[in-house]
Amino acid sequence: GRYDGFVALKTDLSRRESEMKVSFDVASYDEELSAETDYSYEVVMESGKVLIKSRSVYGAMYAMESITQLITEDGTLSLVYIKDAPKFNWRGLMVDSGRRFFPVPTIENLLDTMSYVKMNV
């Protein structure tokens, strides 16, 4: 899916290609969603490695989304530190399909876009 080939990122370290090792430190692997689900995450990038820390698998997913957004067109990735958490527990969108028809590809595109900006999907 969406993160295939993710670990084979090129980094701009002295203008040579190298692979980044991605490690996860996830406090809970429980996939149950509720209003209290913690989506916070921390990304620590150092030379040749990335550490993703989160309280839930969903925080780790959002961290991976942030990292993919930092990859440049030529495949390089700057080394950064990110600590992020949503301001609100629920960030969503209502689609009123009762009053207006939306083709399936439009809804799928909307869901992908919502995921890209880290809205609850």
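Of the 121 residues in the chain, 30% count as buried, where buried means under 20% relative accessible area, exposed over 50% and partly exposed in between, with a 1.4 Å probe and protein chains only. The model is predicted, so local features need pLDDT of at least 70 and side-chain atom pairs count only at pLDDT 80 or more, whereas totals for chains, interfaces and linings use all residues. Residues are numbered from 1 along each chain as its sequence is written, and side-chain values use heavy atoms, with hydrogens and water left out.

The chain holds two helices and four strands, taken as DSSP runs numbered from the N terminus (H or I of at least four residues for helices, E of at least two for strands). Along the sequence they follow the pattern β-β-β-α-β-α. The accessible surface of the chain comes to about 8,400 Å², with 52% belonging to carbon and sulfur atoms; accessible areas come from the Shrake-Rupley method with a 1.4 Å probe, and for residues only the protein chains shown count as cover. Among the contacts in the chain with a separation of 6 or more, 63% are made by residues 24 or more positions apart, contact meaning heavy atoms within 4.5 Å.

The four strands form an open sheet in the order β1-β3-β2-β4, and the pairing is mixed; two strands pair if DSSP finds at least two bridges between them. Because β1 (21-26) and β4 stand at the edges with a single partner strand each, one side of each is left without a neighbour in the sheet. From one strand to the next, the twist averages 10°. Strands β2 (residues 41-46) and β3 (residues 49-54) run antiparallel and are joined by six bridges. Helix α1 (residues 57-70) lies across β1, β2, β3 and β4 and runs at about 45° to β2; here axes are lines fitted to C-alpha atoms, for helices over the stretch in contact, and angles run from 0 to 180 degrees between N-to-C directions.

M45 has V50 as its bridge partner in β3. Leaving aside residues up to four places away in sequence, M45 touches V50, I67, L70, L77, S78, L79 and V80.

A search of the whole structure finds two aromatic pairs, in which rings of Phe, Tyr and Trp (its six-membered ring) have centres within 6.5 Å; planes under 30 degrees apart count as stacked, over 60 as edge-to-face and the rest as tilted. The rings of Y39 and Y58 have their centres 6.3 Å apart and their planes at 55°, so this pair is tilted. Y39 belongs to the loop between β1 and β2 and Y58 to helix α1, 19 residues apart. Y39 counts as buried at 7% relative accessibility, as does Y58 at 16%. The rings of Y39 and Y62 have centres 5.3 Å apart and planes at 20°, so this pair is stacked. Together, Y39, Y58 and Y62 form one aromatic cluster.
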